[in-house]
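Student: Could we go through this model together? I would like to begin with the packing and then turn to the cross-links.

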Amino acid sequence: MTQIGAVQSWWLGVTLQLILAGVLLQGFAAAQTTAAMRPEKGIYVVSSSNGTACLLASMGLQLNITFNSVSQNKTVRNIVNLQPNVTKSSGSCDADTASLRLSTDAEKTNLTFFFSLNTTSNKYHLSNVSLSAAWPDMKEPVSADNSSLDFLRGTLGFSYMCREQQTLTVSPDLSINTFQVQVQPFGVSGDQFGAAEECQLDEDDMLIPIIVGAALAGLVLIVLLAYLIGRKRSHAGYQTI
């Protein structure tokens with residue numbers, strides 16, 4: 001095999017890697033922009049007894065519920081988007097607990113989020129989620145409750161933010177997909193969110209295109225060097241090994 005042939009083979013291999021990296025980058029971009037099933041983002045406010053906002057939430061919610069279907073006569077799992085324009089919000093705020101209750105379909109769906117604040121560390125989290133649903137296709141109403149959750153962790157006076165989709169598993173029959181979440185259940189000043197503490201998913205999401213872009217730049221440089229070496233050696237003719 002000639003030296004020129006070896007260089008050309010190496011160049012071909014690197015080019016294929018470059019194409020593969022480009023395909024992966026395109027796939028990543030497509031995954032980020034696919035939003036056919038994404039729910040509309042709703043803005044929800046809970047006010048204290050004096051009328052000032054004490055809990056702020058902005059998020060899209062998608063329910064994954066397992067139930068016995070009347071029409072299909074079997075157990076099914078449905079994905080339902082919560083529609084903000086037909087959703088009523090209420091709740092309460094105390095020193096170390098806060099709740100957000102969302103009701104739709106004339107009380108046929110009631111979803112409540114409970115937040116807890118550790119007054120020693122000044123850290124809060126989503127500690128409990130409860131759901132009751134009585135849809136027309138359900139043989140019997142569905143209820144779920146979990147008071148040992150640890151989601152949406154933040155610091156007093158700051159809001160929790162996560163642009164990426166998250167799945168909050170509440171029970172075997174219920175999980176909740178959240179989209180573009182920003183929530184602040186404690187330390188609200190006025191009607192604006194405090195400075196945001198971003199979730200790990202968002203930080204990882206920012207790193208991926210940087211890493212892929214750096215890899216593409218490196219591959220381009222390698223291909224260019226391989227081309228220059230091959231071109232230089234081509235003037236010397238073929239040398240048999």
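**Packing, rings and disulfides**

Tutor: Phe-113 is in contact (heavy atoms within 4.5 Å) with Met-59, Leu-61, Ala-98, Ser-99, Leu-100, Leu-102, Leu-126, Asn-128, Val-129 and Ile-176, leaving aside its neighbours within four places in sequence. This is a predicted model, in which local features need pLDDT of at least 70 and side-chain atom pairs count only at pLDDT 80 or more, while totals for chains, interfaces and linings use all residues. Residues are numbered from 1 along each chain as its sequence is written, and side-chain values use heavy atoms, with hydrogens and water left out.

Student: Which residues touch the most other members of the largest nonpolar core?

Tutor: They are Ile-65, Leu-100, Leu-111, Phe-113 and Ile-176, in a core of 40 residues. A nonpolar core is a set of buried Ala, Val, Leu, Ile, Met, Phe, Trp, Tyr and Cys residues joined through side-chain atoms within 4.5 Å. Buried means under 20% relative accessible area, exposed over 50%, and partly exposed in between, with a 1.4 Å probe and protein chains only.

Student: And where does the largest share of this core come from?

Tutor: Strand S2 supplies the largest share, with eight residues. Helices (H or I, at least four residues) and strands (E, at least two) are DSSP runs, numbered from the N terminus.

Student: How many helices and strands are there in the chain?

Tutor: The chain has two helices and 13 strands. Of its 241 residues, 37% are buried. Among contacts with a separation of 6 or more, 56% are between residues 24 or more positions apart.

Student: Turning to the rings, how many aromatic pairs are there?

Tutor: There are two aromatic pairs. Rings of Phe, Tyr and Trp (its six-membered ring) pair if their centres lie within 6.5 Å; planes under 30 degrees apart count as stacked, over 60 as edge-to-face and the rest as tilted. Phe-67 and Trp-135 form an edge-to-face pair, at 5.9 Å centre to centre with 80° between the planes.

Student: Which parts does that pair tie together?

Tutor: Phe-67 lies in strand S2 (residues 53-69) and Trp-135 in the loop between strand S7 (123-133) and strand S8 (142-146), so the pair ties together parts 68 residues apart in sequence. Phe-67 and Trp-135 are both buried.

Student: Why is the pair of Tyr-124 and Phe-186 tilted?

Tutor: The ring centres of Tyr-124 and Phe-186 are 6.0 Å apart and the planes are at 50°, so the pair is tilted. Tyr-124 lies in strand S7, and Phe-186 in the loop between strand S12 (174-184) and strand S13 (196-198). Both Tyr-124 and Phe-186 are buried.

Student: Now the cysteines: how many disulfides?

Tutor: There are two disulfides, a disulfide being a pair of cysteine sulfur atoms within 2.5 Å. One joins Cys-54 to Cys-93, with S to S 2.0 Å. The link of Cys-54 and Cys-93 is right-handed, with 80° about the S-S bond. Cys-54 is in strand S2 and Cys-93 in strand S4 (residues 88-93), 39 residues apart.

Student: Is Cys-93 buried or partly exposed?

Tutor: Cys-93 is partly exposed, with a relative accessible area of 24%, whereas Cys-54 counts as buried at 12%.

Student: What does Cys-162 join?

Tutor: A disulfide joins Cys-162 to Cys-199. The torsion about the S-S bond of Cys-162 and Cys-199 is about 65°, so this disulfide is right-handed. Cys-162 is in strand S10 (residues 159-162), and Cys-199 is in the loop between S13 and helix H2 (200-234). Cys-162 is buried at 0% relative accessibility, and Cys-199 is buried at 6%.
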